[in-house]
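Look over the sequence and the model below. This report then walks through rings, pockets and backbone features.

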Amino acid sequence: MTPSASKLAVTADRAAPRPAGAGHPHRGGRRSFWTVRRRDNLVGYLLVTPQLLGSALFVLLPLGLVLWYSLHEWNVLAGTFEFVGRENYDRLLADANLREVLSGTALFSAGLVVLNLALALVLAILLNQRLAGTTFFRTVFFSPVVVSLVAWTIVWQFLLQDDGGLNGLLGVAGIDGPNWLRGEGTAMTSVIVVQVLKNVGLNMVLFLAALQGVPGQLYEAAELDGAGAWTRFRRITVPLISPTILLTSIITVVGSLQVFAQIAVLTQGGPGMSTTVLVYYLYQQAFQFHHFGYGATLSVLLFAIVALLTVVQWRMRRRWVFNET
């Protein structure tokens, strides 16, 4: 066959009609619905569905119900549920005890956050050294984290009583200890210390993990340049573990605003209202005085405070967290 005849044959073959869908299965034929992309998307949706359902049922729905209840007055004993609009919020603004409750909450949160983070960082630095017995002390300091909160608090209640174990030890040294949980000057401090000792191990472990991720070459180079221990800590350690400091500060602040069991077991908000924090005051209004509508309003206030502080901490990260833009 001549070259010209060959070209004519190829052209005729290309021009000849083809069966529907031949060569282009997605044009002339029926396209498969379950493509690879759609199957992958379906698998992803199935994996996140349990978490989404849990968040909707146990987070979003309760938040919506709390907001709805705050607009009503619900008397369980009388069986009434009346819409009162903004009446509970007006009562919140006029509550004479709220200022003292918020002051106690701020004092407890500030004391807990400062002591917890500072002590956890010091312990992490000490236990990050290559010394004998560090594994034992890591276990000792972390063990209270896994102990039941109520059991831990009850033990400390006995230790801090007027004739408890702590005053017994002080008495051996000739010191007459106070009634730690009934004195207005010592009750809040006692509750803070008990909570710090309970949870400091968690932040210690987080700081320890962050410290072990700091390259040792940086310390060696700084030491060769004549930098002292404090300079190395301030210029190397703190910047490089600042993401962990942000994480622990957010966790500790949120946890401090939600404290309840320690107050309920140790002081019941006393003496007076010196240790009454917002969550315990909410509990009193809703479950002791049966003002469920006002208790829901206090819950809305607590949610607003927690959300505001979390957003502020997250926005400020760009100023002091290393490598954040």
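Over the ring of which residue does the charged end of Arg317 sit? The ring is that of Trp314, and the charged end of Arg317 lies 4.1 Å from its centre. A charge counts as sitting over a ring if NZ of Lys or CZ of Arg is within 6 Å of the ring centre and within 35 degrees of the ring normal.

This is a predicted model, in which local features need pLDDT of at least 70, side-chain atom pairs count only at pLDDT 80 or more, and totals for chains, interfaces and linings use all residues. Residues are numbered from 1 along each chain as its sequence is written, and side-chain values use heavy atoms, with hydrogens and water left out.

**Charges and rings**

| Charged end | Ring | Distance to ring centre |
|---|---|---|
| Arg317 | Trp314 | 4.1 Å |

Rings also pair with each other. A pair of aromatic rings is described by the distance of the centres and the angle of the planes. Here, rings of Phe, Tyr and Trp (its six-membered ring) pair if their centres lie within 6.5 Å; planes under 30 degrees apart are stacked, over 60 edge-to-face, and the rest tilted. The structure holds 13 aromatic pairs. One of them joins Phe287 and Phe292 edge-to-face, at 5.6 Å centre to centre and 90° between the planes. Both residues belong to a cluster linked by ring pairs.

Is Phe292 buried or exposed? Phe292 counts as buried because its relative accessibility is 17%. The cut-offs are under 20% relative accessible area for buried, over 50% for exposed, and partly exposed in between (1.4 Å probe, protein chains only).

**Pockets**

Rolling a probe the size of a water molecule over the atoms shows where empty space is left. The search uses a 1 Å grid over the protein atoms alone and a 1.4 Å probe; a pocket is an open set of points with protein on both sides within 12 Å along at least five of seven lines, and lining residues have an atom within 4 Å of a point. Grid points are joined across faces, edges and corners, and a volume is the space filled by probe spheres set on the points.

The largest pocket has a volume of about 490 Å³. It is lined by 14 residues, and the closest to its centre are Asn128, Gln129, Leu211, Tyr219 and Thr237. Helices here are DSSP runs (H or I, at least four residues), numbered from the N terminus. By class, the lining has six nonpolar, four polar and four charged residues. Ala, Val, Leu, Ile, Met, Phe, Trp, Tyr, Cys and Pro count as nonpolar, Asp, Glu, Lys and Arg as charged, and the others, Gly among them, as polar.

The second largest pocket holds about 260 Å³ of space. Its lining includes Pro62, Leu63, Gln258, Leu282, Ser299 and Phe303. α2 (36–69) and α13 (292–315) each supply at least two lining residues. The largest share, five residues, comes from α13. Nine lining residues are nonpolar, two are polar and none is charged.

**A buried serine**

Ser242 lies in helix α10. Its relative accessible area is 1%, so Ser242 is buried. A polar atom of its side chain lies 2.6 Å from the backbone oxygen of Pro239.

**Backbone features**

Most residues other than glycine have a negative phi, and most peptide bonds are trans. Where is a cis peptide bond found? It joins Gly270 and Pro271, with omega about -5°. Pro271 lies in the loop between α11 (261–266) and α12 (278–288).

Gln268 is in the loop between α11 and α12. Its phi is positive, about 50°, although Gln268 is not a glycine. Gln268 counts as partly exposed because its relative accessibility is 38%.

His290 lies in the loop between α12 and α13. Its phi is also positive, near 60°. At 29% relative accessibility, His290 counts as partly exposed.

Note on methods
A polar contact is a pair of N or O atoms within 3.5 Å; within protein, one must be able to donate a hydrogen and the other to accept it, and residues adjacent in sequence count only if both atoms are side-chain atoms.
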